[in-house]
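Subject: Structure handover

Hi,

Please find the structure below, followed by my notes on it. Have it open while you read.

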Amino acid sequence: GFRNLTDYASKPYHFLPQFENEGELFIGIQDVIAPQNLSLLFQMAEGSADPNLAREPVHWDFLDGNTWHSLEEGRLLSDTTNGLLNSGILKFNLPPVKATTLLPSSLYWIRATIARNSRCVGDTVDIKTQAVLAVFADHDNDPNRLAQPLKAGSISGLVEQLPQVQAIHQPYTSFGGKSPEQASAFYTRVSERLRHKDRALTSWDYEHMVLDAFPGIYKVKCLPVGTSQDPRLADAIQVIVIPDIQGRVPFDPFEPKLPADVLLQIEEYLTRHSPPFTRLIVRNPTYLRLKVKVDVRFRPAANPGYYKKALDEELQRYVAPWAYDPSAEIVFGGRAKSSLIVNFLEERPYVDYVAGIRLFTNPDGVHFKPYDEAGPEPIDPAAILVSERAHEIILISEEEYEPEFFTGIGHMTIELDFQVA
């Protein structure tokens, strides 16, 4: 038979697909024999969530036929990711489903959706099935072992073999370990406690109380009231925190950041130990990327293709040494000097001379603008100058440097020294 046309008139049909959610993640799983429980490890890039955005809940669904049904009605058994803010395990109870025509029917499909503010959750590094949490049990082990995370791949099997388990894999480093307190650390902690008396009044109090309560913090800087250039923060105490990334993966070594849930934990801790009318803001540093555009000539024996890449890497190491050397210190409010960079470049054994250099930063986080070396001192005290992932190195092929060949539109780079309005 034929369906009456009035049936179609009652339901609108769109020319383009309509999406109800700002962010959606589809996961297809093979070899599911439902009903069964499934554990998924979500390895998140720590600190990638935007703490300035309002938190939005993540909803989970499964596909039954061509209809999505909620997994949160008793089928989401546990979630240690805190709503995909940090790495953790989600455990689902998957029911039997009918075949679908919306997606490949050979897979079992689940979906995560977020209505808005999708940047308020972290970036996903990896998703793995059959995940379990292993906890360290002390059998008279070296107490100092917990000072460093357990390297990936260290756990490779079971103590008592099970025929149902074919293999064990540890893809990432451990977390949460803390070595026993040494005598010197004990005296330091007690001395600090006698000074701040478990209450935060001065900048020193805020910094040392956070370092003591959160061992995963590498450095803390407290900006008292009146130091912010933003008038909206004129009455706020800002606490800037940097995580300890030594031995931990995955992490962004150039811009280490804490996840939003840890920032909230620090803020709640300080709120309990500070005066009742204090306005506290705990946040990650502002990272300003420094991009170098330089005209350089290599020595005749130097291979241009190889040493151009080597010079770029050495320049990144020079601007952001902590990304390569764990003992290097991260400096707040630092400034760049082109003369020091030129001296560093000319000390490279394969560099003949440097003809010109220009520096650029991205104060808005997106667009690069010329860097003002003679600007007001200091720059934003919460800012850290880091290296851009790739610098622009222009090779001089002739022995003699002719300035007129390195000027004009042909030598300019769009969005650096040549900007289109």
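Asp-31 sits in the loop between E1 and E2. Its phi is near 60°, a positive value in a residue other than glycine. Asp-31 counts as exposed because its relative accessibility is 69%. (Exposed means over 50% relative accessible area, buried under 20%, and partly exposed in between, with a 1.4 Å probe and protein chains only.) Pro-35 lies in the loop between E1 and strand E2 (36–45). The peptide bond joining Ala-34 and Pro-35 is cis, with omega about 0°. Lys-197 also has a positive phi, near 55°, and is not a glycine. Lys-197 belongs to the loop between H2 and H3.

Two notes on the basis. This is a predicted model, in which local features need pLDDT of at least 70 and side-chain atom pairs count only at pLDDT 80 or more, while totals for chains, interfaces and linings use all residues. Residues are numbered from 1 along each chain as its sequence is written, and side-chain values use heavy atoms, with hydrogens and water left out.

Overall picture. The protein has six helices and 16 strands. (These are DSSP runs numbered from the N terminus: helices are H or I with at least four residues, strands are E with at least two.) Of its 421 residues, 37% count as buried. Accessible surface comes to about 25,700 Å², and carbon and sulfur atoms hold 53% of that. (Areas are from the Shrake-Rupley method with a 1.4 Å probe; for residues, only the protein chains shown count as cover.) Among contacts with a separation of 6 or more, 72% are between residues 24 or more positions apart. (Contact means heavy atoms within 4.5 Å.)

Now strand E7 (residues 108–114). Seven of its seven residues are buried. Tyr-108, Ile-110, Ala-112 and Ile-114 point one way, and Trp-109, Arg-111 and Thr-113 the other. Strand E1 (residues 23–29) pairs with E7 in the antiparallel sense over seven bridges. (Pairing takes at least two DSSP bridges between two strands.) Ile-27 stands opposite Ile-110. Strand E3 (residues 59–64) is also antiparallel to E7, through four bridges. There, Trp-60 has Ala-112 as its bridge partner.

Next, two helices. In H3 (residues 203–213), the buried residues are Asp-205, Tyr-206, Glu-207, His-208, Met-209 and Val-210. They pack against helix H2 (183–196), strand E9 (217–223), strand E10 (236–243), H4 and E11. Gln-316 is in helix H5 (residues 304–319). Why does Gln-316 count as buried? Because its relative accessibility is 9%. Leaving aside neighbours within four places in sequence, its contacts include Phe-254, Tyr-324 and Arg-389.

Last, the second largest pocket. It holds about 1,200 Å³ of space. It has 49 lining residues, and the closest to its centre are Pro-51, Asn-52, Arg-283, Asn-284 and Pro-285. (On a 1 Å grid over the protein atoms alone, a pocket is an open set of points with protein on both sides within 12 Å along at least five of seven lines; a cavity is a set where a 1.4 Å probe fits but cannot get out; lining residues have an atom within 4 Å of a point. Points are joined across faces, edges and corners, and a volume is the space filled by probe spheres set on them.) Helix H4 (260–272), strand E11 (279–283) and strand E12 (286–298) each supply at least two lining residues. H4 gives the largest share, five residues.

Best wishes
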